Amino acid sequence: MDFLMDYIRLNAAVDIQPACLGLYCGKTLLFKNSSTEVYGECGVCPRGQRTNAQKHCQPCTESPELYDWLYLGFMAMLPLVLHWFFIEWHSGKKSSSALFQHITALLECSVAAVITLLVSEPVGVLQIRSCRVLMLSDWYTMLYNPSPDYVTTVHCTHEAVYPLYTIVFIYYAFCLVLMMLLRPLLVKKIACGLGKSDRFKSIYAALYFFPIVTVLQAVGGGLLYYAFPYIILVLSLVTLAVYMSASEIENCYDLLVRKKRLVVLFSHWLLHAYGIISISRVDKLEQDLPLLALVPTPALFYLFTARFTEPSRILSEGANGH
């Protein structure tokens, strides 16, 4: 105890520790009382902490911003949209099991999201504590380990964007576990209209795309964080145009004749709105909300111009090899 007090007095009198190098290296708090704070040597910050301007490791105590929640929502939607796509692709037009599989996929992802929030800090509540994202390099701290003498590397890799990076992996893990527990039993019971080899193809597809989206988050998480609003807008516009042309929708009657087409249209409108809100971040509510009036514009533009392009004629010529 006497040695610790002598160390505190000496450290308070003069800073004997060398400067903390590196963009993400910090000093961990060892002792604190009403008048003195003692920090350890420069190194990696513990999980749930990041460095401040004074190179001290500080706990992540902030709540995620709206944009952070929108990013997490985008990463949560990825496996769900892929589930729905492959379920629809492999279920067949006459299969009555597609709807139940869609609902099951939604249930799996929803339960996985709730469990992920419950097991994250603070445990047991549907909220998380986070560190604010300041720049792109915050996602790639492993690239900024300093080498003071150009020989020895000081490893300071940690999750500076806690928990936006790792929470996605936890969510994907729960999605995969729930899918393996629920989906095979459901498909075996209700997918009677499909052959034995076709029943589980949507599950096999998930076993392929889950590793892909995991690697995508691991390598490109930071890039996705800044680019996902534009990705949503571009992909939703392209997929809506492809769907409407493939379904030979050329007027409002063609759109209203089937409920499934309306569901697809409204789903794309939700994605348009999601992308617009993510880009604007609703910083100024009275200025940004009118932008949502642009949501129906792509579909209306397609319907007004379809008579000039005639998608049905293009599709028929393509089928005939012309």
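1. Pro163 sits in the loop between α3 and α4. The peptide bond that joins Tyr162 to Pro163 is cis, with omega near -5°. Helices here are DSSP runs of H or I, at least four residues, and strands are runs of E, at least two; both are numbered from the N terminus. This is a predicted model: local features need pLDDT of at least 70, side-chain atom pairs count only at pLDDT 80 or more, and totals for chains, interfaces and linings use all residues. Residues are numbered from 1 along each chain as its sequence is written, and side-chain values use heavy atoms, with hydrogens and water left out.

2. Pro122 is also found in the loop between α3 and α4. Its peptide bond from Glu121 is cis, with omega near -5°.

3. Check Lys55. This residue, not a glycine, has a positive phi, near 65°. Lys55 belongs to the loop between β3 (49-51) and β4 (57-59).

4. The largest nonpolar core has 39 residues. Such a core is a set of buried Ala, Val, Leu, Ile, Met, Phe, Trp, Tyr and Cys residues joined through side-chain atoms within 4.5 Å; buried means under 20% relative accessible area (1.4 Å probe, protein chains only). Tyr71, Met75, Trp139, Tyr172, Phe210 and Phe228 have the most contacts inside this core. Two or more of its residues come from each of α2 (66-91), α3 (98-119), α4 (166-190) and α5 (201-246).

5. What does Tyr172 touch? Not counting residues up to four places away in sequence, the list is Met75, Leu78, Pro79, Phe210, Val213 and Thr214. Contact means heavy atoms within 4.5 Å.

How values were computed. Buried < 20%, exposed > 50% of the residue type's maximum accessible area, 1.4 Å probe, protein only.
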